[in-house]
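Let me see what I can look up here.

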Amino acid sequence: MTGTVALFHTASVAQQPVVPETYLTADRMLSDIKSGSDLARIILHSYGFQTGFINAKLKYQGLPQLYCSPEKLAITSEQHADILKRYVENHEGVGQFPAGAVLVDALEETFPCKTSDE
């Protein structure tokens with residue numbers, strides 16, 4: 001479990017995530033997308049798009065990025081959904097956390113940044 005999801009996990013009581021009802025969990029988001037919800041797909045893509053803006057600002061400021069996708073890659077809504085789906089399938093229990101937080105961790109794992117040692 002990495003960064004953002006770990007924060008929600010460690011803030012939990014009796015292993016129950018602290019998730020306000022207004023947040024869609026990753027499981028719910030993926031279920032809605034699978035059911036054909038354009039709204040869920042758009043919301044997930046907006047999470048990814050906003051994360052991309054934050055990442056670009058970090059890069060511009062010379063700070064470590066959250067993730068390092070290929071320079072010319074524009075991630076589509078379908079790709080965001082696939083990245084989230086694979087991450088949830090490979091990390092038991094993270095589907096109960098907010099979709100936006102899980103997507104950040106999924107992007108970090110999918111597009112890791114090289115360290116100065118590499």
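Is Asp38 buried, exposed or partly exposed? I find Asp38 partly exposed, with a relative accessible area of 48% (buried is under 20%, exposed over 50%, partly exposed in between, with a 1.4 Å probe and protein chains only).

A note on the model: it is predicted, so I take local features at pLDDT of at least 70 and side-chain atom pairs at pLDDT 80 or more, while totals for chains, interfaces and linings use all residues. Residues are numbered from 1 along each chain as its sequence is written, and side-chain values use heavy atoms, without hydrogens and water.

Salt bridges next. I count five in the structure (a side-chain nitrogen of Lys or Arg within 4 Å of a carboxyl oxygen of Asp or Glu). Asp38 pairs with Arg41 at 3.4 Å, N to O; both sit in helix 3, three residues apart (helices are DSSP runs of H or I, at least four residues, numbered from the N terminus). Arg41 is partly exposed at 26%.

In helix 2, Arg28 and Asp32 are four residues apart, about one helical turn, and their closest N and O atoms are 3.2 Å apart in a salt bridge.

I also looked up Lys59, which bridges to Glu71 at 3.1 Å between the closest N and O atoms. This pair links distant parts of the chain, with Lys59 in helix 3 and Glu71 in the loop between helix 3 and helix 4. Glu71 is exposed at 68%, and Lys59 is partly exposed at 43%.

Last entry: Met29. Leaving aside neighbours within four places in sequence, I see Met29 in contact with residues including Leu44, Tyr47 and Leu84 (heavy atoms within 4.5 Å).

Definitions and conventions:
Helices (H or I, at least four residues) and strands (E, at least two) are DSSP runs, numbered from the N terminus.
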